[in-house]
There are 2 protein chains.
Amino acid sequence: MLSERKKKILQAIVEEYVETAEPVSSGSLLKKNDLNISSATIRNEMAELEQAGLLDKPHTSAGRVPSAQGYRYYVDQLIKEDKISFEEIEYIKSKLESRAVELEEVTKIVTNTLAEVTHYTSLAIGPDNAQQIISEIKFVLLGSRILMAIILTENGLIKETMIKFEEDITESQVQSINLIFNAKLKGMPLSEITKPMEEYIISEMKNEINIIKSIIEQINKAIIECQNIYLKGAKNILDMPEFNEVDKAKSFLDIVDKKEFLKNLEQEESVKDINVYIGDENGNEKLKDYSIVTFKHVVNGKNLGTIGIIGPTRMDYSKVISIMKYINKELNNNNKED
Amino acid sequence: MLSERKKKILQAIVEEYVETAEPVSSGSLLKKNDLNISSATIRNEMAELEQAGLLDKPHTSAGRVPSAQGYRYYVDQLIKEDKISFEEIEYIKSKLESRAVELEEVTKIVTNTLAEVTHYTSLAIGPDNAQQIISEIKFVLLGSRILMAIILTENGLIKETMIKFEEDITESQVQSINLIFNAKLKGMPLSEITKPMEEYIISEMKNEINIIKSIIEQINKAIIECQNIYLKGAKNILDMPEFNEVDKAKSFLDIVDKKEFLKNLEQEESVKDINVYIGDENGNEKLKDYSIVTFKHVVNGKNLGTIGIIGPTRMDYSKVISIMKYINKELNNNNKED
DNA sequence: ATTAGCAGTCACTTAAAAAGAGTGCTAATG
DNA sequence: CATTAGCACTCTTTTTAAGTGACTGCTAAT
């Protein structure tokens, strides 16, 4: 348990460091905060905070910098929850107003907005398509050889894909395919569609065998195996002083580009509103200099994926969390069972 | 008209500079090429090439660097057209094999491949949707309140968008909308759809007025006003020594992000196979340090947009042009009137 | 417990010197 | 007359050294 004074000092250090990106000295702390103590006392306190593992020192004659643990303490205990301005609220509201029909569109709008408002890199991972329950399948013939498959899920997702054939398809074939697929697959998770259709093909030996096979193959390839991932504002990090060396920027962009770390995020179960992973807390050594803040996009109890941002550990957690809480709330309000 | 020897020297300078990114000295030219002349003679020749405006000199005691004009001469006269390896050919072939149905998918695959193979930033601009001729329109009801509009064009494009309604739509309404739209709009360019439908609404005063209005509005917003632009591999430029200062990288990413320069590209008319814009040749001062190489994606006489790459003027034109010629050829072969 | 004050550390800045890479010119050469 | 050896000159880059400044940690006084 930290003394009130230590808390105040830690908080001031985090906030100053987040703002300036320079190690914080006892002197500047004295100037910018009224703590009614001398710089020597601050130094003593800082030494103890360092002992406790909450602060780091780049070198002997530099000021202090929060450690990952220090940020963690800040996020858990000292954070300010209202660090969002009226302008930001208005801006976010205006962006979210657009009543996009598809989840993907909504997700895009949210990620764009998040990146714009936070100036970090935003990310979104859609729900696992394989686990979605089919509520309806429609097939539409485009021209004479292209079939469009549209799948609606109980979550409200709409997924479509095209299948091209080497021979003409007739409208009556489309009709019967429509009937078959809906009869066999309604209510099933997308991951399970192959088996019942194969069984059907074997048992009935209808003319549409090849068509059905192509359709299943294409749905697997284009919809089930494909995870929706969005990233926006990757170049924002170039504005941050910790990335003023191209190598560092490159290593960040590589991590972000590979998207490995995203997979864990969507699986992560959590009761919390907003999740904060500081440094390598989530076990990935490569992420030790970065923090990730996410929330689950849930509307009417339906999981619509995970949305968040990634940036350096020197992150404005108060602001990011305020903004994400607000966006999360708005997403819910906009979509109350309508 | 340049002497053969001057040509050879210019070529060697361009190629060495493209490879090393360092100004080329008379000495290293002597070492790496067998020109059978002394470095002093090379220096004399270089001085003349500089006078002719084909070379630049960063400072008195540095080697020479090709000027924009020098690159231009190289591209027009000295280029090697077969600078593509067997591995590259195989790789490109394997990527293009995937018989994607939609133009957008094809375009994505091509841009990804281009960025991977060239290590520059690749770009693609779809054809102007507004000018596409409608060959068919289909409407599909998804659930009870979402209408999906699918537009096929004579170019073979497939565009779809969703419209959400506040009230239920019946299947019979969908049918009559299908009939009306196809009757009125088949054969028209997308830019012209608003008027005939408005006239129709006024003259007939059917029940579907609001539905039709919503549809037209949404088609305008989501399809006609939206230009398809792809960019891939923007971070590739961070690997190039000319961008080892973050500011330069940022200025490149800003240019690329704004996409202004792309608009001119699609309009550009040209008889040539491959178009090369070196520095500010295309009139944009901001692009003076960059070059753009493009080709028109044309299949069976149909314009499917422009594809290309952007990178520093110090670009491996021989390689880029070889690769783009190959891809262009493949795109044609794969799609011969089938 | 707090603090003034000072020695000590370490990065950063500045200045000067040295090294290195190339050119341009001159004078000699075949 | 084209070519070339050779050297003076220029300009960047590297190296070295000295100096400055920002902090801390400790000690001794309050």
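A disulfide is a pair of cysteine sulfur atoms within 2.5 Å, and by that rule the structure holds 0 disulfides over all chains. This is a predicted model, and the values below are to be read with that in mind.

**Cysteines**

- The sulfur of A:Cys226 has its closest cysteine sulfur in B:Cys226, at 19 Å, which is too far for a bond because a disulfide requires the two sulfur atoms to lie within 2.5 Å.
- Seen from the other chain, the sulfur of B:Cys226 likewise finds its closest cysteine sulfur 19 Å away, in A:Cys226, and this too is too far for a bond.
- A:Cys226 is partly exposed, with a relative accessibility of 30%, and B:Cys226 also counts as partly exposed, at a relative accessible area of 30%.

**Nonpolar core**

- In soluble globular proteins, nonpolar side chains tend to be buried together.
- The largest nonpolar core here has 138 residues, and among these A:Tyr317 and B:Tyr317 touch the most other members.
- When neighbours within four places in sequence are left aside, the contacts of B:Tyr317 include B:Tyr71, B:Tyr74, B:Val75 and B:Ile79, and B:Val276, B:Ile278 and B:Ser291 are also in contact with B:Tyr317.

**Interface of chain B and chain A**

- The size of an interface is often given as the accessible area lost when the parts come together.
- Chain B and chain A bury about 2700 Å² between them, and 67% of this area is on carbon and sulfur atoms.
- To this contact chain B gives 30 residues and chain A gives 30 residues.
- Between chain B and chain A there are 8 residue pairs in polar contact, counting pairs in which both residues have pLDDT 80 or more, and 6 salt bridges are found across the interface of the two chains.
- On the side of chain B that touches chain A, at least two residues each are supplied by strand E4, strand E5 (146-153), strand E6 (158-164) and helix H10 (246-258) of chain B.
- A salt bridge joins the side chains of A:Lys250 and B:Asp239, with an N to O distance of 3.0 Å.

**B:Lys138**

- B:Lys138 belongs to strand E4 of chain B, which covers residues 134-142, and B:Lys138 counts as buried because its relative accessibility, 17%, is under 20%.
- A polar atom of the B:Lys138 side chain lies 2.9 Å from the backbone oxygen of A:Leu141, and the side chain of B:Lys138 also makes a polar contact, at 3.5 Å, with the side chain of A:Glu171.
- Not counting residues up to four places away in sequence, B:Lys138 touches A:Val140, A:Leu141 and A:Glu171 in chain A, as well as B:Met148, B:Ala149, B:Ile150 and B:Asn178 in chain B.

**A:Gly63**

- A:Gly63 sits in the loop between strand E1 (55-56) and strand E2 (65-66) of chain A, and A:Gly63 is buried, with a relative accessible area of 13%.
- Beyond residues up to four places away in sequence, A:Gly63 touches A:Pro23, A:Val24 and A:Ser25, together with A:Asp56, A:Lys57 and A:Pro58.
- A:Gly63 and A:Lys8 are 55 residues apart along the chain, and their C-alpha atoms are separated by 17 Å.

**Salt bridges**

- Over all chains, a search of the whole structure finds 44 salt bridges.
- The side chains of A:Glu88 and A:Lys319 form a salt bridge with an N to O distance of 2.9 Å, and this pair links distant parts of the chain, with A:Glu88 in helix H5 (residues 86-97) and A:Lys319 in helix H12 (residues 317-334) of chain A, 231 residues apart.
- Of these two partners, A:Glu88 is buried, at a relative accessible area of 14%, whereas A:Lys319 is partly exposed, at 24% relative accessibility.
- In chain B, the side chains of B:Lys32 and B:Glu16 meet in a salt bridge at 3.4 Å, N to O, and the pair links helix H2 (residues 26-32), which holds B:Lys32, with helix H1 (residues 4-20), which holds B:Glu16, across 16 residues.
- B:Lys32 is exposed, with a relative accessible area of 56%, while B:Glu16 is buried, at 10% relative accessibility.
- A network of salt bridges links A:Arg5, A:Lys6, A:Glu45 and A:Glu48.

Methods. Residues numbered from 1 in each chain as written. Chains lettered and ligands numbered in written order. Predicted model: local features only at pLDDT ≥ 70, side-chain atom pairs only at ≥ 80, totals over all residues. Heavy atoms only, no water. Buried < 20%, exposed > 50% of the residue type's maximum accessible area, 1.4 Å probe, protein only. Core = buried A, V, L, I, M, F, W, Y, C linked by side-chain atoms within 4.5 Å. Contact = heavy atoms within 4.5 Å. Helix = DSSP H or I, 4+ residues; strand = E, 2+ residues; numbered from the N terminus. Polar contact = N/O pair within 3.5 Å; in protein donor to acceptor, adjacent residues only side chain to side chain. Buried area = accessible area lost by both parts, 1.4 Å probe. Salt bridge = Lys/Arg side-chain N within 4 Å of Asp/Glu carboxyl O.
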